[in-house]
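Please look over the model below before reading on. The points that follow concern a ligand site and a sheet.

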Amino acid sequence: MMITNNVRSRMASTARMTAGAVRFWMDGRTPGFAYQSMVGLFCMTGGTSNDTLSRLVSLLHPPYRLSDMYGVLGNLGAEDISRVILQLDQKGHYVFERRLPSDFCDRLLQFSLTNRCLQRGMSDVPEATETREVERYPRKNPGGVRYDFSARDVINNLDVQLLMADRSILAVAQSYLRCSPILDVMSMWWHTAYSKVPDKDAAQFWHFDMDRIKWLKFFIYLTDVGTANGPHSFVEGSHRTGGIPDSLRLKGYVRLTDEEVEACYPRERFIEFTAPRGTVIAEDTRGLHKGKLVQWGDRLVLQLQFSNSLFGGYYPPSKLTRVESPELQAMIRRCSRLYSNYWREVDGPR
Ligand SMILES: O=C(O)CCC(=O)C(=O)O
């Protein structure tokens, strides 16, 4: 029987990923070759490989039974959840009507102006810069396009902890992922108008994410975002299986230009999320997305990512050092898998 190169390549990647999954199951670490195989399989299959693995994870880790779905997104009922999930499944994004209260945004803005952060290096400009730590985000005179706060500082912030414990957010995440999720990437960053051209290292070119098998991101705007402030942008429906055409996917896990992406989708599929501060956007970033170039002012975003497994890319570990929020303390007791990325092996109240 003739086996084409394509089939051979899929079989080899599947074997490597399976071997890596066994290692992951034993010690919780994903070997680099297995992660690369997961990415490669996505590029080859358009998402079928992720979908198959996700079904397996759902069998192993069914969703939590929540007493209620109350929180910053409202007091959600089963019908609300169905509406949100239907749109997420079809379009890949959902903007919630309910926004975070302004005192909440004020406190997180204050946090971002008083904490040390990393000015992200820029490699794709004539005068490349290195990533370096700065005492404060220099809002009046930024020296780079992106400033990131450490995950450790972010998760140990009381307001962030309230969101980590929020059952309305959890309900959406676990309904979309069809399993009990893991909160695995917590981040906050500024995008600035430092550069006149989009920056690859600051996620300002189109790309898909592929660090996990399946995940859902919540982007929370902490400043007002108009069209000049670098709105988060998404190609509607591109998260679906086969939603990114072969011509783009087979380029691999790379950044894509506007021209390359615009050639593949009609204009109405391009969404720019301009919205007031406090807005919460849920998005499956398996679809094509980017932060648009900031032309004026700046933009502060907080991000929560829920994944169905930690199998995949490596993130330096960050742990909760103090859990000030009683809500989070209670949730940690009930939902150990949800917090396993930030809480395991930590001395402190469990
Ligand atoms: O800053 C943005 O809007 C893009 C962020 C992004 O690419 C990501 O979180 O995966």
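1. How far is an oxygen atom of the ligand from an N or O atom in the side chain of K217? The distance is 2.8 Å, a polar contact in the sense of a pair of N or O atoms within 3.5 Å. The side chain of Q303 has an N or O atom 2.8 Å from a ligand oxygen, and for D209 the distance is 3.0 Å. The protein covers 94% of the 300 Å² of accessible area that the ligand has on its own (Shrake-Rupley method, 1.4 Å probe).

2. On the source: this is a predicted model, in which local features need pLDDT of at least 70 and side-chain atom pairs count only at pLDDT 80 or more, while totals for chains, interfaces and linings use all residues. Residues are numbered from 1 along each chain as its sequence is written, and side-chain values use heavy atoms, without hydrogens and water.

3. The ligand is surrounded by 13 residues (a heavy atom within 4 Å). K217, H232, H289, R299 and Q303 are the closest. By class the shell has 3 nonpolar, 6 polar and 4 charged residues, with Asp, Glu, Lys and Arg counted as charged and Gly among the polar ones. Strand β12 gives the most to this shell, 3 residues.

4. β12 also belongs to an open antiparallel sheet of 3 strands, ordered β10-β9-β12 (strands are DSSP E runs of at least two residues; a pair needs at least two bridges). The edge strands are β10 (270-273) and β12 (289-291).

5. Strand β9 (residues 232-235) is joined to β12 by 3 bridges. F234 stands opposite H289 in β12.

Key: Helix = DSSP H or I, 4+ residues; strand = E, 2+ residues; numbered from the N terminus. Polar contact = N/O pair within 3.5 Å; in protein donor to acceptor, adjacent residues only side chain to side chain.
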